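Please look through the sequence and the model shown below. The paragraphs that follow go from the whole chain to its parts.

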Amino acid sequence: MLPSGTFVQEDDHDLVVPSQRSSPVIFDLDRDGKDDLLTGNTDGQLLFYRNLGPDYLPTFSGCLPVESNDVPIDLVGSVRSRPSVCFWTDDGYPDVLIGAGDGKVHLFQGIPETCDINLDGDINFIDFALFAIHWQQGDCKKCGEYFNKPSRAVDFNGDGKINIDDLRMLAENWLRMP
């Protein structure tokens with residue numbers, strides 16, 4: 001365990017957020033079981049630091065800008081960004097609220113992975129089993145149900161049928177998962 005007051009490390013140096021002032025939030029953003037850092041700064045940016053070490057001795061390597069629609073989140077003209085991770089949309093994926101220097105609050109919604117039927121953040125055997133159940137029933141009327149909980153429809157391509165094309169999409173997305 002690190003002694004109290006010790007600086008968090010990034011590539012064997014003290015972690016310093018670009019543009020001074022940091023507003024860190026701890027959350028396992030990459031779903032690898034380790035607490036990561038999400039931080040705002042005085043330039044209005046949102047940055048992600050992946051934890052490479054165990055939670056009791058976190059180590060980070062570089063930062064990545066957090067993106068929305070493939071564009072880095074940058075609250076242009078804001079003198080500050082202060083993130084908060086939450087489940088605002090109640091879809092099982094984390095959302096981010098960002099307080100800006102002008103007093104406005106921005107909401108950036110987490111986007112579920114295509115084919116993550118049970119919305120748990122992973123495409124795995126559970127999603128395959130749910131897909132198989134729906135395919136066997138052949139009825140798309142309940143495609144958006146998972147044991148009376150909201151879930152993602154299994155007609156992934158939206159053609160009104162559950163068929164081999166949807167299975168192909170499930171397999172492609174499953175193999176793409178880290």
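How many helices and strands does the secondary structure of the protein chain come to? The model, which is predicted, has two helices and 14 strands in its protein chain. Of the 178 residues in the chain, 34% are buried. The accessible surface amounts to about 10,900 Å², and carbon and sulfur atoms account for 55% of that surface.

The strands can be taken up first, beginning with a sheet. Strands pair through backbone hydrogen bonds, in either the parallel or the antiparallel sense. Here, four strands make an open sheet in the order S3-S4-S5-S7, with antiparallel pairing. S3 and S7, the latter covering residues 64–65, are the edge strands, each of them pairing on one side only.

S4 spans residues 36–40. On one side, five bridges join S4 to S3 (residues 23–27), and the two strands run antiparallel. One of the residue pairs is Phe27 with Asp36, its bridge partner in S4. With S5 (residues 46–49), S4 pairs over four bridges, again in the antiparallel sense. Here Leu37 has Tyr49 of S5 as its bridge partner, and Leu38 has Phe48.

The connection from S4 to S5 comes next. The two strands form a hairpin with five residues between them. Gly44, in the turn, has a positive phi of about 80°. Asn41 also belongs to the loop between S4 and S5. Is Asn41 buried or exposed? Its relative accessible area is 1%, so Asn41 is buried. A polar atom of the Asn41 side chain lies 3.2 Å from the backbone nitrogen of Gly44. Leaving aside residues up to four places away in sequence, Asn41 touches Val17, Pro18, Ser19, Gln20, Arg21, Leu47, Val79, Arg80 and Ser81.

Asp12 sits in the loop between strand S1 (9–10) and strand S2 (13–14). With a relative accessible area of 69%, Asp12 is exposed, whereas Asn41 is buried. Along the chain, Asp12 and Thr59 are 47 residues apart, and their C-alpha atoms are separated by 8.1 Å.

The helices remain. H1 covers residues 125–137. Which residues of H1 are buried? They are Asp127, Leu130, Phe131 and His134. These residues lie on the same side of H1 because they cover an arc of only 100° around the axis. Phe125 and Gln136 are exposed, and they are carried on the face turned away from the buried side of H1. At the start of H1, the backbone nitrogen of Ile126 has a side-chain oxygen of Asn124 within 3.1 Å.

H2 takes in residues 164–176. It has 13 residues and reaches 18 Å from its first C-alpha to its last, close to the 18 Å expected at 1.5 Å a residue. Buried in H2 are Asp166, Leu170 and Asn173. They cover an arc of only 75° around the axis, so they are on the same side of H2. Glu172 and Leu175 are exposed on the other side of H2. The N-terminal end of H2 is capped by Asn163, which has a side-chain oxygen 3.1 Å from the backbone nitrogen of Asp165.

What do the buried residues of H2 pack against? They pack against helix H1.

Key
Residues numbered from 1 in each chain as written. Predicted model: local features only at pLDDT ≥ 70, side-chain atom pairs only at ≥ 80, totals over all residues. Heavy atoms only, no water. Buried < 20%, exposed > 50% of the residue type's maximum accessible area, 1.4 Å probe, protein only. Pairing = 2+ DSSP bridges. Expected span 1.5 Å × (residues − 1). Arc of directions from axis to C-beta. Contact = heavy atoms within 4.5 Å. Polar contact = N/O pair within 3.5 Å; in protein donor to acceptor, adjacent residues only side chain to side chain. Areas by Shrake-Rupley, 256 points an atom, 1.4 Å probe, with all protein chains shown as cover.
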